[in-house]
Amino acid sequence: MKLIWKFNLVLLGIFLLGFAIAGYVSYRELQANAREEIVQNARLMMEAALSSRTYTTSQVKPLLDTQLKYVFLPQTVPAYAATEVFNEMRKKHPDYGYKEATLNPTNPRDRASDWEADLVNAFRQSKDNVEMVGERDTPTGRALYLARPIQVSSASCLVCHSTIEVAPKTMVDLYGTANGFGWKMNEVIGAQVVSVPMSVPIKRANETFRTFMLSLAGVFAVTFVLLNAMMHVMVIRRVTRLSAIADQVSLGHMDAGEFKTRSRDEIGVLTDALARMKVSLVQAMKMLE
Amino acid sequence: MNVVHAGTVLLLALCAFTAFTARAAERGIYTVVDGDVRVLRKITWYRLEPGARADDGDVVDVREHEQVQLELGSGTTLSIIGPALVHAAALPAHDAKPGTAADVTLLRGWCKASSTEKSAPLRLAFTGGALALADGIIVVHADPGHTEFFVESGRVRLVMPAPKGKEVARDATEGEFWHRTGDRAFETDDRPSSSFITAMPHELRDPMPELASRFQSAPPPLVAGREVTFAEAQPWLSGASRRAFARRFAPRLADRAFRAEAAAAPAVPEWDRTLHPERYRPRDADSAPDARAAPIPSAIR
């Protein structure tokens with residue numbers, strides 16, 4: 001097997017191994033980063049929802065307290081405000097979701113679906129569980145959900161949700177008496193669930209991975225060609241010439257050519273040595289004659 | 001030099017005294033005037049401006065969708081949404097004795113009134129009754145055929161006339177809605193009716209802002225308009241305030257058109273002698289010429 005083939009086989013092996021390792025590591029890293037980005041987005045959305053709730057409770061509701069004596073304004077309810085803020089956002093980003101999934105809600109749209117009810121029950125069973133992150137398939141693709149428990153932590157919640165008698169009449173007029181009552185202090189009554197589509201960050205990560213791997217392959221290809229060219233010019237061609245002359249000299253054809261070089265590298269030194277060897281051989285032959 | 005100093009001090013003292021007495025005599029400020037609202041003083045209409053001082057006897061005419069807020073010096077506040085007609089019969093001055101009530105009549109329209117324990121009590125009269133508000137907030141809607149009110153907070157006493165010149169009082173508490181049609185008895189409910197809420201101007205759903213402190217400078221001059229017509233005076237020429245208004249509008253009888261309309265309208269006893277002097281003429285004077293041109297008696301001028 002020719003030296004160039006051996007060299008190329010080894011080089012190709014190293015390249016393929018490096019390509020595979022780099023691909024595996026970068027793919028895992030990019031996917032992990034994409035998921036982390038999704039989780040961070042979900043946390044940011046959750047904080048925005050909490051901010052909407054706090055703003056509504058501390059600033060909006062006090063301004064509308066008088067109006068509540070005449071007509072119930074759902075805009076004063078933190079859950080309603082947070083949901084509506086996200087509904088506005090969903091007009092531009094329909095794949096994102098926010099829901100205050102509640103087992104016994106006043107507003108029917110907040111009723112927890114089956115999988116959300118499972119989350120709520122998980123929170124109810126473990127009080128130490130303050131956040132749950134998971135993935136699920138949706139009609140628009142795979143989505144990541146982030147859930148936090150909704151706990152009755154303020155007596156003000158019970159004004160509307162303890163008993164029908166205590167609840168504002170205007171609220172009962174609007175929502176009826178069937179749902180949203182019987183909540184107890186410190187009870188986990190639902191979960192805030194943020195849903196973020198995974199397709200976009202994952203797609204972006206895949207594109208980054210593809211670009212990276214193509215770039216790596218390109219670098220490998222260029223390196224391969226350059227190394228082969230260097231190998232041919234600097235080693236293969238010179239050694240082939242030396243071996244051809246040495247071969248002719250060994251057969252007694254002293255006029256086959258001169259071992260000449262101006263290079264001082266290893267092959268240059270070898271050429272000089274072969275040139276001296278040829279001179280010695282010629283002198284020895286003359287002495288024998 | 002001493003004389004100059006003494007003069008300056010005297011002048012300053014006089015200014016301070018004048019300012020003090022002016023403030024002490026102040027009865028209230030129209031702090032919100034949204035729209036072309038007019039006020040009747042004596043017999044002349046004026047265009048109301050924010051910051052104008054209220055006076056006893058002010059009749060405020062608020063047209064549809066217009067609003068006026070009157071803040072009395074003591075802290076009692078009224079917000080009126082048009083179409084409304086209100087008479088501020090008596091407004092306690094800033095230096096009035098504590099407990100002196102403000103007496104306001106809502107002939108028609110929507111009115112929100114608030115009063116606290118520290119502010120002057122309010123007697124808000126309407127056709128066929130009155131509300132005595134000492135500590136609370138009420139929203140009243142009155143028109144000739146229908147009266148309804150909601151106690152937003154606190155309590156209010158409903159005073160109704162009873163036979164033999166007596167009065168019957170009933171207390172209404174927070175959250176109660178009272179309504180009646182015509183002369184029927186008031187009915188109560190534990191929440192305002194949907195028709196009340198639907199018709200209620202949105203401005204009254206919010207707390208009334210306290211704006212009087214913004215108008216501590218000299219009040220704006222009010223631009224005088226025309227004098228009151230008989231059609232505008234007529235609503236006030238019946239009911240409890242008739243005597244006062246008959247006396248107040250009597251100078252307008254000098255106007256031929258006003259007088260002719262007054263003569264054709266249901267009788268106002270106080271004006272009868274002026275409008276129909278022939279009825280009061282001694283029998284032997286029946287032949288006196290041109291009874292219609294009788295002068296206005298000085299007693300009702």
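## Terms and basis of the model

Two strands are said to pair if DSSP finds at least two bridges between them, and helices (H or I, at least four residues) and strands (E, at least two) are themselves DSSP runs, numbered from the N terminus. With these terms, I80(B) stands opposite C111(B) in β7(B).

The model is predicted: local features need pLDDT of at least 70, side-chain atom pairs count only at pLDDT 80 or more, and totals for chains, interfaces and linings use all residues. Residues are numbered from 1 along each chain as its sequence is written, while chains are lettered from A and ligands numbered from 1 in the order in which they are written.

## Confidence

The predictor gives the complex an ipTM of 0.72 together with a pTM of 0.71. For chain B the pLDDT, which is the predictor's confidence in each residue on a scale from 0 to 100, averages 86, and 85% of the residues score at least 70.

Two stretches of chain B fall below 50. Over residues 288-294 of chain B the pLDDT stays under 50, and the model has 6 contacts for them beyond four places in sequence, where two residues are in contact if their C-beta atoms, placed from the backbone, lie within 7 Å. Residues 297-301 of chain B also have a pLDDT below 50, with 9 contacts in the model beyond near neighbours in sequence.

## Chain A

Chain A contains 7 helices and 4 strands, arranged along the sequence in the pattern α-α-β-α-β-β-α-α-β-α-α. The C-alpha trace of chain A spans about 135 × 35 × 30 Å along its principal axes.

Of the 289 residues in chain A, 19% are buried; a residue is buried if 20 or more other C-beta atoms lie within 10 Å of its own, exposed if 12 or fewer, and partly exposed in between, with C-beta atoms placed from the backbone. Among the contacts in chain A with a separation of 6 or more, 67% join residues 24 or more positions apart.

The assignment for chain B, whose bounds come from an automatic or database domain assignment, gives domain 1 (27-215) and domain 2 (229-300). The centres of domain 1 and domain 2 of chain B, taken over C-alpha atoms, are separated by 31 Å, and 8 residues of domain 1 of chain B are in contact with 7 residues of domain 2 of chain B. On the domain 1 side, the elements giving two or more residues are β6 (77-90) and β7 (102-115) of chain B, and the largest share, 3 residues, comes from β6(B). By class, that side divides into 4 nonpolar, 3 polar and 1 charged, where Ala, Val, Leu, Ile, Met, Phe, Trp, Tyr, Cys and Pro count as nonpolar, Asp, Glu, Lys and Arg as charged, and the others, Gly among them, as polar.

Between the chains, 9 residues of chain B are in contact with 6 residues of chain A. The side of chain B that touches chain A has 4 nonpolar, no polar and 5 charged residues.

## Strand β7 of chain B and its partners

In β7(B), 13 of the 14 residues are buried, so this strand is largely enclosed by the rest of the structure. β7(B) pairs with β6(B) in the antiparallel sense over 10 bridges. With strand β8 (residues 122-126) of chain B the pairing of β7(B) is parallel, over 4 bridges, and here L122(B) in β8(B) is the bridge partner of A102(B). With strand β9 (residues 129-143) of chain B, β7(B) pairs in the antiparallel sense over 7 bridges, and I137(B) in β9(B) is the bridge partner of S114(B).

## Backbone exceptions

Most residues other than glycine have a negative phi, and most peptide bonds are trans. A cis peptide bond joins G82(B) and P83(B), with omega about 5°, and P83(B) lies in strand β6 of chain B.

Phi of N186(A) is positive, near 70°, and N186(A) sits in the loop between α5 (169-175) and β4 (188-197) of chain A, where it counts as exposed with 8 C-beta neighbours inside 10 Å. Phi of H65(B) is likewise positive, near 70°; H65(B) is in the loop between β4 (58-62) and β5 (67-72) of chain B and is exposed, with 12 other C-beta atoms within 10 Å.
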